[in-house]
Amino acid sequence: MQSSTGDMIRASALKRTFGRGIGAVTVLKGVDLSIPSGRLIAFKGRSGSGKTTLINLLSALDRPTEGQITFAGRDLTAMSNQERDLVRRKEMGLIFQSFALIPLMSAYENVEFILRVAGVPAGGRKEAAIHALEQVGLKSRMHHRPFELSGGEQQRTAIARAIAHKPKLLLADEPTAELDSRTGLQIMKVFRDLVESAGMTIIMTTHDPAIMEIVDHVYELEDGQIVAKA
C-alpha cells in the first residue's frame, strides 16, 4: 500500500498481539487509518481500548504483528531497527505519560540533549532549546532540574523536548494529563500553532472533552478497533 501525496501516516490492517498460544491477547484488531499532513488528531477510548498501543506502532517504537504503516511515503514496517531509530530521532517527536527526563540535567539541558540526538547543528541548538521552553512557558525555569520542577512543569519540559527539533510528526500519549485545565489549553494552543505555522502533524490520546473540541478529528477506539471518527 503506497502512501498518497499529502498523507503523513497511513496504516493498513494493523494487528498487534501480545503473548502466544492460549495466553495471547490481541490489542489491535485490523486498524485502518489515514492521516493527512498538517492535522491535529486525537484518539479517545477507554483504558485498554488500544490507544497507547496504536501510538507506539505509529511512532516506530513497536512493530505490528500484522499490517503495514507508511510514514511520509516510506514503509516503516519494512525498515530495519536502525532505520526506524533514525527516522524517529530526526523526524518524529514523542511525549510519553512518564516524562522520561534525565534527572541530573536541567530543563534546558534535557531539551538541548535531544537536539544533539536529532543532529541539529551546534550553532542552532541553544536558540532552539530556549525557544521551545519559551513556547511552553518555562523559560524562567529552564535551569532547574526535574526534581525542582512540579509535575506540570516536568510535563511541559517533556513537550518542549519533543517539539524543539520541529519534527514532521508529533505523537503524544495524554500530553495534558498532568496539567491544570488552563495550562492544558495553553499547550493545545502551542500544538495548534505548530500545525498551522509549521505544518506539523500531531497525533495525541486524550480523555479531555475540552481538548476534543480543539482538534481537527477525533478517532474513537473500542476493543482494539476504530469505531468512530468525528
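Start by selecting strand β4 and strand β5 (residues 74–75), which pair in the antiparallel sense over two bridges; two strands count as paired if DSSP finds at least two bridges between them, and strands (E, at least two residues) and helices (H or I, at least four) are DSSP runs numbered from the N terminus. This is a predicted model, in which local features need pLDDT of at least 70 and side-chain atom pairs count only at pLDDT 80 or more, while totals for chains, interfaces and linings use all residues. Residues are numbered from 1 along each chain as its sequence is written, and side-chain values use heavy atoms, with hydrogens and water left out.

Stay here and pick out T70, whose bridge partner in β5 is D75. β4 and β5 form a hairpin with two residues between them, and A72 in the turn has a positive phi of about 50 degrees.

Now move to helix α3 (residues 107–117) and helix α5 (residues 151–163), whose axes, lines fitted to C-alpha atoms over the stretch in contact, come within 8 Å and cross at roughly 25 degrees. The two helices, α3 and α5, are therefore roughly parallel to each other, a term used for angles under 35 degrees. To see the contact (heavy atoms within 4.5 Å), select A107, N110, V111 and I114 of α3 together with T157, A160 and R161 of α5.

Key: Axes fitted to C-alpha atoms, helices over the stretch in contact; angles between N-to-C directions. Parallel < 35°, antiparallel > 145°, perpendicular 65-115°, else oblique.
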